[in-house]
Amino acid sequence: MKQPGQSRRRAFSGVQPSGGLHLGNYLGAIRNWVLHQDDFDNVFCVVDLHRVTVPHDPATQRTATRDVAAWYLAAGLDPGRCILFVQSHVSAHSELAWLLNCVTPMGWVGRMTQFKEKSGAARESVSVGLFDYPVLMAADILLYDAHVVPVGDDQKQHVELCRDIAQAFNRRFGPVLVVPEPLIREVGARIMSLDDPTSKMSKSNPNPRSRIELGDSPKTIRKKFARATTDSLTEVRFDPERPGITNLLGIFRTLTGWSEAQIEAHFAGKLYGHLKKEVADATIQALEPLQRRHDELMSDLTWLESVLASGAERARTIARKTLARVHEAMGLG
Ligand code: AQP
C-alpha cells in the first residue's frame, strides 16, 4: 500500500546512540542504507528514546546522538534523498507506542530474545521501557508507512513482532497500518564479536576489544584484529564449525565484495596472521574517508543541526497523518 504521490516503496531504519558505533552497525545496517538509497523513499532516524531504556549519562547523550547522525552522513546518506532526524524530536513516536501498547499482548513481547539477553538475571529491576522497546520500535516503523526495514539479522524478531502488531491492529480497527517486511542482506547481516565469535558484535559489550569502533585508529584496528579469537587449526576457509575465522572472512568478504571461492583461493597456503593483517588493511581503507568526514561534521555542528531540524519537520508531517488515521480508527478525540 503506497500513499498517494509516493512512487517508491518506503524504507525506515535507525540506530540507537548507545555507544561508539561499530563495524556490525556499519556493515549490517548503515552501509546497506547508503548503497540502496536510490531504491527507496528513505526515512532514517537516530533512535534516542530507545537509548534511555537502560541507564545513560544525560550530560553526554545529546553529543552521542549527533555522533550517530554524523556517521550516517559520513557514510554517505544524502539529506537530499533521505529524511534524517532524531526520534525524540518527533513526539508522535511515543504517542503511537502508547496506542500500540494497548493492542499488543504481553506474551508477544515477553518472547523477545533481546529482552531476555539484555535483562538477564535482573529481570525484575530493569525498566518497563526495556521490556516495551519492541513496541516503540513498531511505532517507529509504522508511523512512516514503511514497506521495508533494512536491519541486521539480530533485529529480525523485532520486525516480525511489528508485523504481528500491525496485522492485529488492522484486524481490529480496519486497514490503517502498512505491514512492513524486514530487509536483511545476506552479506554482513551478523558480524560477530572479536573476542567471542559465537556472540554478535555489540556496543554494550563491556570488552572494547570485542568490537571495531568506526572511530578506531589504524593502530587500534590492527591490534584488535591481531588479538581476535580464532582456533588451533591453520587452513583459512569458510567453515561454520570455526566461527572466529569465518567471522574474519565474512568481514573481508563484505568489505571487498569478493566471492567465497575467490577469497579462499587468495588465502590458500597462508596463515591466520596474514588473514588478520589483510582484514585490518581492508577495514582501515574503508573507514578512513568516513572518519575524516565524521570529524569535520562534529567539529562544526551547524550544518548537521540544520539537517536534523529539517528532517524532523518532514518526519512530523508524515507522522501526524498516520497518527490522525490511528486516532480516527480507534475512536479517539
Ligand atoms: N553485530 C552486528 N552485525 C550486523 N548488524 C548489526 N547491528 C547491530 N549489531 C550488528 C545492526 O545495527 C543496527 C542498529 O542497531 P541498534 O544500535 O539500534 O541496536 P542493536 O541491534 O542492539 O545494536 P548493538 O550495537 O548491539 O547495540 P547495543 O549493544 O546497545 O544493544 C540494526 O539494524 C542492527 O541489526
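## Basis of the model

The model is predicted: local features need pLDDT of at least 70, side-chain atom pairs count only at pLDDT 80 or more, and totals for chains, interfaces and linings use all residues. Residues are numbered from 1 along each chain as its sequence is written, and side-chain values use heavy atoms, with hydrogens and water left out.

## Salt bridges

Side chains of opposite charge can pair when their charged atoms come close. A salt bridge is a side-chain nitrogen of Lys or Arg within 4 Å of a carboxyl oxygen of Asp or Glu. The structure has 21 salt bridges.

One of them joins the side chains of arginine 66 and glutamate 305, at 2.9 Å from N to O. Arginine 66 lies in helix H3 (residues 58–75) and glutamate 305 in helix H13 (residues 302–330), so this pair ties together parts that are 239 residues apart in sequence. Helices (H or I, at least four residues) and strands (E, at least two) are DSSP runs, numbered from the N terminus. Arginine 66 is buried, at 11% relative accessibility, while glutamate 305 is partly exposed, at 31%. Here, buried means under 20% relative accessible area, exposed over 50%, and partly exposed in between, with a 1.4 Å probe and protein chains only.

## Two further pairs

Aspartate 154 and lysine 200 form a salt bridge through their side chains, at 2.8 Å from N to O. This pair links distant parts of the chain, 46 residues apart. Aspartate 154 is in the loop between strand E4 (148–150) and helix H8 (156–173), and lysine 200 is in the loop between strand E5 (181–183) and helix H9 (218–226). Aspartate 154 is partly exposed, with a relative accessible area of 25%, and lysine 200 is partly exposed at 31%.

Arginine 237 and glutamate 235 meet in a salt bridge of 3.1 Å, N to O. Arginine 237 is partly exposed at 31% relative accessibility, and glutamate 235 is partly exposed at 48%. Both belong to a network of salt bridges that links Asp231, Glu235, Arg237, Asp239 and Arg242.

## Helix H12

Helix H12 (residues 272–299) has 28 residues. From its first C-alpha to its last, H12 reaches 39 Å, close to the 40 Å expected at 1.5 Å a residue. The expected span is 1.5 Å times one less than the number of residues.

H12 has a kink of about 35 degrees at leucine 287, shortly before proline 289. The bend at a residue is the angle between axes fitted to the seven residues ending there and the seven starting there.

Lysine 203 sits in the loop between E5 and H9 and is buried, with a relative accessible area of 14%. Leaving aside neighbours within four places in sequence, lysine 203 has contacts (heavy atoms within 4.5 Å) with residues including Val15, Ser18, His22, Asn25 and Arg211. The side chain of lysine 203 also makes a polar contact with the side chain of serine 18, at 3.1 Å. A polar contact is a pair of N or O atoms within 3.5 Å; within protein, one must be able to donate a hydrogen and the other to accept it, and residues adjacent in sequence count only if both atoms are side-chain atoms.

Of the 24 residues around the ligand, Lys118, Asp154, Lys200, Lys203 and Ser204 come nearest. A residue is near a molecule if one of its heavy atoms lies within 4 Å of it. An N or O atom in the side chain of histidine 22 is 2.6 Å from an oxygen atom of the ligand. For asparagine 25, a polar side-chain atom lies 3.1 Å from a ligand oxygen atom.
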